[in-house]
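User: Hi! I'd like to talk through a structure with you. Could you put it up and start with the salt bridges?

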Amino acid sequence: MNCEVIAVGTELLLGQIVDTNSSWLGERLALAGIDCHFQVKVGDNLGRIAAAIRLALARADAVLLCGGLGPTQDDITREAIADVLGVELVRDDEIVERIRSMFASRSRAMPDSNLRQADVPAGATAIEQRMGTAPGLICTTGDKVIYAVPGVPHEMKEMVERAVVPDLVARAGETTTILSRTLRTWGMSESQLSEVVATRVDRQTNPTIAFLASGVEGIKLRLTAKAASVVEAQTLLAGEEAELRGLLGDTVFAVDDETMEDAVGRLLLADGLTLAVAESLTGGMVASRLVDVVGASNWFRGGVVSYASEVKFDVLGVREGPVVTAEAAEEMASGVARLLSADVGLSTTGVAGPEEQEGKPVGTVFVGLHLDGRTESAELRLPGERQHVRGLATISALNLLRLRLLARSS
C-alpha cells in the first residue's frame, strides 16, 4: 500500500508558510507501514489541483490532500476532487448543523461562507471535524481512495490519527511498520563515508541506508527498516547499526535527535568532570550549544568570550603576542579552566573572515584543550564564509573534546 501526499496552498509555494504537515504525514504513514513515494505541493488553482490528484492516482493506491477545505473562495480542494471523480458537490445538512452548533457554542452566528464546508462530492464519506469547522473526506474511486484533511496542523493530525490511518491500514490488509534510525557522524566527507560503508550499502535490502548531508552538523546515515511489528523493525535497525558502528567507530557521535553537545555532556557527567570554555572567533556559540543540553548545570561551569586580544591577555593569562596561534589556544584553555575552577578547558581562536588576520588566511582555526593537567591544540582549515566557519569551528571543538573523553575512558 502506498499513499501520495498533496499539500494544497499557494502560500506554501511562495514560502510564506513552511510545509511541516507533509513531513509529519510521511513519518506517520511510515509508522503505519504505508509507503509514501511522492509528496507534492500545489497552489490554489482548480485545474492544477485536479491534475495533481490524477497524477497521484496513476502512481499510488491512495492520495491524501492536506489543505484547501476552508470557507473562503480559494479553498477549492472539494471542487477539485469532485472534478476528478466526475461527480457533483452535495450539501450535507448534518454537517451544516454541526458547524452552526459550533458557532453557537461560541455565541457567534455562522457566516454563510461556512456553508461551503458542508459540500461533499457525491458518494464520499465525510470525516467528522472535532476541533474546527472543516470536515475531512474519504472518496473511493475504483480500488483507490482519496482523502482530504484540513491544513491546520492540530486539526489535520487529529483527523489523520482517528480516521485516515485506520482506514488505510484496513485497506492494506496487512499490518507492517516502517521505522528509521539516524546515525550522526563527524570527521568524514560524504564520499569518504560512502567508501567506508560501501560493503553494507551494496548488500542493503532491509534495512536500507541513505546518506543525508547536514552542513555544519555533519553527515547522517539514515537506516530504514520495514517489518511486521515495531519490535521486529527495531531488531533489524539494531543489527545494522552495530555493523555500521563496527566500520565507522568513533566517527558516529550520536543517534537520531541527539547532538554533539549531548554526547559531550553525557561523557563529562559519566567521568564526573566539569567544563569551562574560552571563545574568540566563535563568540559564545560553543557555550550556547552546551547550555541547550538539559542538565548542563551539572557539568558546565561557564565561559569567557575573549574576543579582544586584551581580554585574552588580562583575563585568561595568555602571553602577549599573536593570538591566532596554537600557543594562544592552549593558554586560553588552561586559563579558563583555572579561572572558573573547571576540570576541563576548551578554547577557540582563529580567523572567521572576511579578511585575513596576523597573516593567517580566512578559515584558520586553533582549538585548545586542557584535560587531566595536559594541554594540547589542533589546527583546522575550515571552508566557507564567516558564519559557516564559525559553525564548523564550534562543532569541531566539541568533537575534539568528545574524542579525548572517549580515549580517556577506554
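Analyst: Happy to. A salt bridge here is a side-chain nitrogen of Lys or Arg within 4 Å of a carboxyl oxygen of Asp or Glu. Please keep in mind that this is a predicted model: local features need pLDDT of at least 70 and side-chain atom pairs count only at pLDDT 80 or more, while totals for chains, interfaces and linings use all residues. Residues are numbered from 1 along each chain as its sequence is written, and side-chain values use heavy atoms, with hydrogens and water left out.

User: Good. How many salt bridges does the structure hold?

Analyst: There are 23 salt bridges. One of them joins arginine 98 to glutamate 94, with the closest N and O atoms 3.1 Å apart.

User: How are arginine 98 and glutamate 94 placed in helix α5?

Analyst: They are four residues apart in helix α5 (residues 93-105), so about one helical turn separates them. Helices are DSSP runs of H or I with at least four residues, strands are runs of E with at least two, and both are numbered from the N terminus.

User: Is glutamate 94 buried or exposed?

Analyst: Glutamate 94 is exposed, at a relative accessible area of 55%, whereas arginine 98 is partly exposed at 29% relative accessibility. The cut-offs are under 20% relative accessible area for buried, over 50% for exposed, and partly exposed in between, with a 1.4 Å probe and protein chains only.

User: And what does glutamate 97 meet in a salt bridge?

Analyst: Its partner is arginine 100, at 3.7 Å from N to O.

User: Which pair links distant parts of the chain?

Analyst: Lysine 226 and aspartate 35 do, being 191 residues apart. Lysine 226 belongs to strand β11 (residues 219-227), and aspartate 35 to the loop between α2 (20-31) and β2. Their closest N and O atoms are 3.1 Å apart. There is also a network of salt bridges that links Arg184, Glu217, Glu261 and Arg289.

User: Let's switch to the sheet. What order do the six strands have?

Analyst: The order is β2-β1-β3-β8-β7-β6, in an open sheet with mixed pairing. Its edge strands, β2 (39-42) and β6 (125-127), each pair on one side only. Two strands pair if DSSP finds at least two bridges between them.

User: How do the neighbours of β8 run, parallel or antiparallel?

Analyst: One of each. Strand β3 (residues 62-66) runs parallel to β8, with five bridges, and β7 (residues 136-141) runs antiparallel to β8, also with five bridges. Cysteine 66 has valine 149 as its bridge partner in β8, and leucine 137 has alanine 148. β7 and β8 form a hairpin with two residues between them, and glycine 142 in the turn has a positive phi of about 65°.

User: Why is β8 described as largely enclosed?

Analyst: Because five of its six residues (144-149) are buried, the rest of the structure largely encloses β8.

User: Which strands does helix α6 lie across?

Analyst: Helix α6 (residues 153-172) lies across β1, β3, β6, β7 and β8, running at about 170° to β8. Angles run from 0 to 180 degrees between N-to-C directions, and axes are lines fitted to C-alpha atoms, for helices over the stretch in contact.

Key. Contact means heavy atoms within 4.5 Å.
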